[in-house]
Amino acid sequence: MPHRRTPSNNLLYAKVPGTSFENSPVFDFLSPFGPAPNQWVARYIIIIFAILIRLAVGLGSYSGFNTPPMFGDFEAQRHWMEITQHLSIDKWYFYDLQYWGLDYPPLTAFHSYFFGKLGSFINPAWFALDVSRGFESVDLKSYMRATAILSELLCFIPAVIWYCRWMGLNYFNQNAIEQTIIASAILFNPSLIIIDHGHFQYNSVMLGFALLSILNLLYDNFALSAIFFVLSISFKQMALYYSPIMFFYMLSLSCWPLKNFNLLRLATISIAVVLTFATLLLPFVLVDGMSQIGQILFRVFPFSRGLFEDKVANFWCTTNILVKYKQLFTDKTLTRISLVATLVAISPSCFIIFTHPKKVLLPWAFAACSWAFYLFSFQVHEKSVLVPLMPTTLLLVEKDLDIISMVCWISNIAFFSMWPLLKRDGLALEYFVLGVLSNWLIGNLNWISKWLLPSFLIPGPTLSKKVPKRETKTVVHTHWFWGSVTFVSYLGATVIQLVDWLYVPPAKYPDLWVILNTTLSFACFGLFWLWINYNLYILRDFKLKDA
Amino acid sequence: MSGKRNFSLWNIWVASTLLKVLLYPAYHSTDFDVHRNWLAITNKLPLKEWYLENTSQWTLDYPPFFAYFEWLLSQFVPASVADDGCLDITDVGNYGWPTVVFQRSTVILSEIVLFLALQKYINISADKEKARSFVVASSIALSPGLLIVDHIHFQYNGMMFGILIFSLLAAKQGKYLQCGALFSVLLCFKHIFLYIAPAYFVFLLRVYCLDIHENSFKTPRSLLKSVRWSNLFKLASTVMTVFVIAFAPFAYYGVIPNLIARLFPFSRGLTHAYWAPNIWALYSFLDRVLVQFYLHVPGISSIISRYIESESLISRLKNSTASTKGLVGDVEFFIVPTITPKMSFILTLFYQILAVLPLLLFPTFKKFLGSITLCAFASFLFGWHVHEKAIMLVIIPFSFIAVSDRRLLYPFHTLVNAGYVSLFPLLFKSPEWLVKVLYTLVWCIIYFLSFNEVSKLSKSLSRRVFYMDRTNLIYILGLIPLTLSIGVLDVLSENFELLKRLEFLRLMMYSVYCALGIIGSWNGLSWIYFLDDTLNGDSTQVA
């Protein structure tokens, strides 16, 4: 029997066996595989179902479907596959920049090159130079979907499973089946699924490399960790949101306090970083010299694109309703202001991870730092929320139900914040189904089942046991403040969703629903960021091994 | 886990429904337009014209209850869906997303009947049987066959099998009148269930209408006395009532002959374009192999031409390229003798009679399930113009008996694996390829383990033939390279003209390989059904 735990904001119960998902449907599905000989099966079943859901989402529309002349992200990715295989490497970052010019780092280019070659082997028309612009066919879509799934399967999914395994074995005393349940809670996070396999991008590769890098920190493999982190950044520059924590954690472990200065470790890390970058950039330099690097940097960091473009739930875009930054300041000043704001916002987490470089603090610190970037930095997209969301969902391994409810809450709000984008993409059906599925799977909707079903239909063994807590309390935090914040924001999100669905916004304010959405989301993200930082501060001295 | 477990299908229903909703945008076959056309016909026309209307080639060819069902559904079509063209009687349906959402949702909603039947099956089984019943029930609820055929390809089989299972449960509980009534209702929904009607007929006759004992056969008089006339009358009148409700309105308008002509179109060929994996698939395959031998191996041609006039053969081969390419049309045999409908009918009937005879001696519920399965097998393997989808009719009754004897497990595993893989060609477009393959794979893994875990050890385990299990296992694993290689060939056929022309070959690989497994499974089940006594025991017996 799992122990019931009193709510408290610490990890005292970490050593008690079990997960926070003992009454959830995913537990109900996997518990038959509890006996040791079958435990490995559960892992593969979860992976296959995770892929199936991604495939099913992939049947839907994608960004820019049937919208000439520019189409959308799907066309951008396809276009890069087209140019990388037909042009010599020195042209990649120069070719017709007006039409989806390559603006992601080199690893994305190599990734596109590989899948472009493979795809051309199947059907050369998909990626014919220039003439394939805006090419759309069922088979091409299937192929692109398959590449996104394959990339995630090779990168992100093993990393998640591995992370849950390490945490379950070393910190939280969870057996194989419980680790699998937590992994599925992370893998069924709706935001990543719908952006990568609905909207169409390859964020899972960047997140997967970042997570592999975190994993290697857990194993104390600093050089490997550095290599994976560089790969992550070289796939998508957004991974830089993690870099301060990565930097300060490694710095602290190699040279703090000064009497423990570890030159060998510092050297290894530095060499690993330099060599990985060099390897990735070498093909460009060999063909065309150093000027390529300048162009890559110029393309990858578009400082000329302004503080923000679309409506996004961060500090600048939300306060812009009241203060018109773009009229008050020049772009250059704005860049500086946002830089200072970001540095201030990330400093607490950087400071704590530097003075207390503990593994158990890593997901907290990464989350705190990347949320700060999302809220205050320059040129943030609504999709960038995936970056802070990844370390946040890693907290689902925790035992404290209050933490779980906070993580579920913010993951739902993050999903909600992408609604305007998904609505544009024609992914409404997928949005609603994934929203329900992800919450229902981990038991957030148990209270409905309990309330709705006749007793013989109430699923067992989970709900039928007399455990009042999970059914009623997971959705909200037990503290009155966070409880009411959660409740009010859910209510607000529901109302905004309904209004958005039923009414056309007034002609005077065509973006009214979107602004309501981003304002609510920003408020939640801001509060959550404060909560994460507070927790990081509280937990800094916590010695898990003694608990 | 301590505490009494509640075996509920609720979570399974929610999970599978969410997946099915995500599959809304998936490919749907012409069956979708068929059913849409029926919605339109039943909604827009008076009843007497339902079976006469032929604007579209997809005329109404299901029995009356299904027509009533479509009429009922059409009453709920919202205005926005009707504007989309859902209810227009046209040559070819002109519809969009709202119609797809509406019709796909009706499939999901009508499938609740199946879930209710399966939940009832769990609820009425004895406490110590519950885990086993749950495995069986969930395997049917999550069946890849239903997912592929109903929720992607588009049909309403889930509800039909729900009614079938309700009728089986009535038989299990000894409510024979209810059982007969429900089966008649089912026949009036979809006449394909005639495949298993002989088993129902004999079972109900034996357990409900006859009281056979040792002296029954001594004189004609005693035989007559052993008939329970009142029961016979009750059953006959119940069944008649159901059929009268179904057919009377059409009889009133005098359209019964048209209705019958629609239900039983005899103009079709022996096999479908894609051969259902049965005896005829192997038979046609043999013919194709012999033709190739005839054309390319010198020695063989002289032997064959001893039996067949070679000039006419060559001219026939030249004239007919259509069927080798797999286009719709009659299959033409070149070397082996042609099969007539009568031959196929006699073979089916022979094996069905064989399957129901033991029921007369041991009319237990399990034997009944066994004979249903064998009747369905016989129709599937020997029937005229069988669809690959009809394999569901074999799989579902088999699921209920597979757990009762460990020796039945391998025939069962072989059947479900081969049967579900044989459905793959139904979905021939690229987006659904991985969906169907991965879903079937994960289902097979889960239920391979679960069935093995909950099935009973046979009393006569010593007689178990182990090497047969190994053969079955190798066969099942062989399905993986089969599916993969056909998948790769499909992908490559984009590029290579030669492979495009050989599309029929890939379909043939599916039907021939799956036919081998299904025939093997039929042998395995027949062996235990006829020669062993474990199926005779009632369901409460535990080894």
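Mentor: Start with pLDDT, the predictor's confidence in each residue, on a scale from 0 to 100. This is a predicted model, so that scale comes first.

Trainee: What does chain B average in pLDDT?
Mentor: Look at the share of residues first. In chain B, 92% of the residues score at least 70. The chain's average pLDDT is 88.

Trainee: What are the ipTM and pTM of the model?
Mentor: Two scores are reported for the model. The pTM is 0.93. The ipTM is 0.92.

Trainee: Which helix gives the most residues to the side of chain B that touches chain A?
Mentor: Chain B puts 36 residues in contact with 40 residues of chain A. Helices α1 (10-22) and α22 (433-454) of chain B each supply at least two residues of that side. The top contribution is 10 residues, from α22(B).

Trainee: How are α21(A) and α1(B) oriented, roughly parallel or roughly antiparallel?
Mentor: The axes of α21 (residues 428-441) of chain A and α1(B) come within 10 Å. They cross at roughly 160°. Angles over 145 degrees fall in one class, so α21(A) and α1(B) are roughly antiparallel.

Trainee: Which residues of α1(B) meet α21(A)?
Mentor: Take the chain A side first. A:E430, A:V433, A:V436, A:L437 and A:W440 come from α21(A). By class, the contact has eight nonpolar, no polar and one charged residues. The α1(B) partners are B:V14, B:L18, B:V21 and B:L22.

Trainee: Is A:V433 buried or exposed?
Mentor: A:V433 lies in helix α21 of chain A. Beyond its neighbours within four places in sequence, A:V433 is in contact with B:L18, B:V21 and B:L22. The cut-off is 20 or more C-beta atoms within 10 Å. A:V433 has 23 such neighbours, so A:V433 is buried.

Trainee: And B:G174, buried or exposed?
Mentor: B:G174 sits in the loop between α9 and α10 (176-189) of chain B. The limit is 12 or fewer C-beta atoms within 10 Å. B:G174 has 11, so B:G174 is exposed.

Trainee: At what angle do α15(B) and α16(B) cross?
Mentor: Helices α15 (residues 279-296) and α16 (residues 298-307) of chain B have axes that come within 6 Å. B:L290, B:F293 and B:Y294 of α15(B) make the contact with B:I300, B:S301 and B:I304 of α16(B). The two helices are roughly perpendicular to each other. The crossing angle is roughly 115°.

Technical notes:
Residues are numbered from 1 along each chain as its sequence is written. Chains are lettered from A and ligands numbered from 1 in the order in which they are written. This is a predicted model: local features need pLDDT of at least 70, side-chain atom pairs count only at pLDDT 80 or more; totals for chains, interfaces and linings use all residues. Two residues are in contact if their C-beta atoms, placed from the backbone, lie within 7 Å. Helices (H or I, at least four residues) and strands (E, at least two) are DSSP runs, numbered from the N terminus. Axes are lines fitted to C-alpha atoms, for helices over the stretch in contact, and angles run from 0 to 180 degrees between N-to-C directions. Angles under 35 degrees count as roughly parallel, over 145 as roughly antiparallel, 65 to 115 as roughly perpendicular and the rest as oblique. Ala, Val, Leu, Ile, Met, Phe, Trp, Tyr, Cys and Pro count as nonpolar, Asp, Glu, Lys and Arg as charged, and the others, Gly among them, as polar.
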